[in-house]
Amino acid sequence: MKLTKTKYLMGYLAVTLLLFLVRLLFPGVTRTMAADDVEPQAAEVADERPAQQPPSLKVDKPHRIRSVANYLEAFPDTNDLQMTAAQRWGVEPVFNRIEAETRKKDLVYMASSPYYHVAQLYQSIPYLVPRAAVLLHDIGQAFFDSLYIKGVPLHRPVVTSVLRTQVDVIRLRRINPNATENSCHLYGTTFDISYNRYETVEPPDGPSRRAVGSDTLKYVLAEVLRDMRRDGRCYIKYEVKQSCFHITVR
């Protein structure tokens with residue numbers, strides 16, 4: 001037993017001396033071995049840490065703004081053409097605003113949206129048939145998306161006219177003789193979006209966003225509307241005097 005213990009101690013000292021010489025002559029080997037021992041433990045610790053939040057989305061290379069070659073040619077849909085769609089998808093014309101209150105089962109309120117702003121309405125009321133309300137929502141959302149990928153600060157398009165009652169049309173024609181008596185706006189299928197008015201989207205406590213010219217925003221809005229029209233979602237007339245896109249759902 002004593003001899004066995006002596007051999008064990010001699011063997012242990014020999015191995016220790018050998019490892020000492022290896023470490024002395026080849027220090028890189030021991031560092032590699034140490035790293036192999038530590039890395040699995042580090043991985044386990046990393047697994048226990050909460051996942052980091054992904055970085056904010058950024059557009060590496062903003063898309064170009066192309067707009068349309070000619071507004072009148074890109075948006076030529078006449079009132080007669082839009083009237084066909086209005087009568088197909090719309091409600092029966094409403095006589096006045098009192099009657100409009102009884103027709104809300106066929107109409108939806110559309111003046112509260114994060115994607116567009118409704119201007120103060122004098123000759124119309126903020127209601128559309130559901131099909132047109134969905135179209136307007138999609139236009140506003142697509143406009144936001146397009147501004148983002150083009151690196152343009154967010155703005156909301158401004159809706160200037162929505163559902164008109166027959167009384168509204170009569171009053172409007174007194175001010176604007178060019179306004180049509182049989183308006184598509186009577187059917188709740190049609191809305192106007194200004195092409196030179198926009199609302200800046202920015203935090204209420206700042207910081208303020210950089211100013212963007214209305215022409216730039218108009219170019220982007222025109223691209224969105226062109227695509228909607230090409231997809232068969234709507235008819236659009238470029239109104240020069242009213243400074244708006246006159247849009248009827250299809």
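1. Helices (H or I, at least four residues) and strands (E, at least two) are DSSP runs, numbered from the N terminus. The model is predicted: local features need pLDDT of at least 70, side-chain atom pairs count only at pLDDT 80 or more, and totals for chains, interfaces and linings use all residues. Residues are numbered from 1 along each chain as its sequence is written, and side-chain values use heavy atoms, with hydrogens and water left out.

2. Five strands form an open sheet in the order E2-E4-E5-E7-E6, and the pairing is mixed. Strand E2 (117-118) and strand E6 (234-239) are the edges; each has a single partner strand, so one side of each lacks a neighbour in the sheet. Two strands count as paired if DSSP finds at least two bridges between them.

3. Lys237 has His246 of E7 as its bridge partner.

4. Helix H6 (residues 130-149) packs on the sheet and touches strand E4 (155-161), strand E5 (190-200), E6 and E7. Contact here means heavy atoms within 4.5 Å. The direction of H6 makes about 30° with that of E5. Axes are lines fitted to C-alpha atoms, for helices over the stretch in contact, and angles run from 0 to 180 degrees between N-to-C directions.

5. Helix H8 (residues 214-230) also lies across E4, E5, E6 and E7. H8 runs at about 150° to E5.

6. E4 and E5 run antiparallel and share five bridges; Arg156 is partnered by Glu199 in E5. E5 and E7 are likewise antiparallel, with five bridges, and Ser194 stands opposite Cys244 in E7.
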